[in-house]
Amino acid sequence: MAKHGRTYRYPEGEQRPVSLTVRVPAALYDRLTQYASLHRYSLTEVVLEGIESRLETPADPREHGASDESHTDVLHQLEARLEAIVDVKIAAALAPQPRATAAPPPPATAELPQVASPPDPAPPFNTHTQYLGKLCPQGHNYAGTGQSLRNKKSASCVACNTAAIQARRHATPR
Ligand SMILES: [Zn+2]
């Protein structure tokens, strides 16, 4: 078999390769791979070179008798393998490149542990007439201060006075 030192190159300006589907017997494929390996060719180079070589010899195999039919078969088989190779290469080229998985989600700032809100400051009261004094016997703790809001004049618990007023309002009319 003649050894071709050149490798196939697409002519300048040639469009991107097209896909050609062919099938080749496994035995032929093995020979092809062995040949390519032996001559340090890629399978594509061998196949394309074979096709070019064949096409550069314009001849209708039917005009040359049965001896060329095997050549035609080989060519067809090479074409088949070429198609398979091109398909694989194109598929590989078109396949999405594997990427690292998405970055981990940002820290869930919204998931901060629930912290008990500080107790509300004691609501304002009339400091002219009221003050925070000793906790009354009823335990009217004013806004969590531990003290009772008391009237300055009477020193009585405001909450107790309010409760007493409400009790009188709800009392059964006489
Ligand atoms: Zn009270």
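Among contacts in the chain between residues at least 6 apart in sequence, what share joins residues at least 24 apart? The share is 48%. The notes below concern a predicted model.

1. Overall layout. The chain contains four helices and two strands. Read from the N terminus, the order of the elements is α-α-α-β-β-α. Of its 174 residues, 10% count as buried.

2. The core. Six residues make up the largest nonpolar core: Leu-32, Val-46, Val-47, Leu-48, Leu-78 and Leu-82. At least two residues of this core come from each of α2 (43–55) and α3 (67–94). The largest share, three residues, is supplied by α2.

3. Helix α1. This helix covers residues 26–38, which makes 13 residues. From its first C-alpha to its last it reaches 18 Å, close to the 18 Å expected at 1.5 Å a residue. After α1 comes Arg-40, with a positive phi near 55°.

4. Thr-33. This residue lies in helix α1. Thr-33 and Leu-43 are 10 residues apart in sequence, and their C-alpha atoms are 6.4 Å apart in space.

5. Ala-80. This residue is placed in helix α3. Which residues is Ala-80 in contact with, leaving aside its neighbours within four places in sequence? They are Val-22, Arg-23 and Val-24. For one of these, Arg-23, the separation along the chain is 57 residues, while the C-alpha atoms of Ala-80 and Arg-23 are separated by 4.2 Å.

6. Why does Ala-80 count as partly exposed? Ala-80 has 19 C-beta neighbours inside 10 Å, and a residue is buried only if the count is 20 or more, so Ala-80 stays in the partly exposed class.

7. Helix α4. The helix spans residues 158–170 and has 13 residues. Its reach from first C-alpha to last is 18 Å, close to the 18 Å expected at 1.5 Å a residue. How many of the 13 residues of α4 are buried? The count is one, and α4 is hardly covered.

How values were computed: Residues numbered from 1 in each chain as written. Predicted model: local features only at pLDDT ≥ 70, side-chain atom pairs only at ≥ 80, totals over all residues. Core = buried A, V, L, I, M, F, W, Y, C linked by C-beta atoms within 7 Å. Buried ≥ 20, exposed ≤ 12 C-beta atoms within 10 Å, placed from the backbone. Contact = placed C-beta atoms within 7 Å. Expected span 1.5 Å × (residues − 1).
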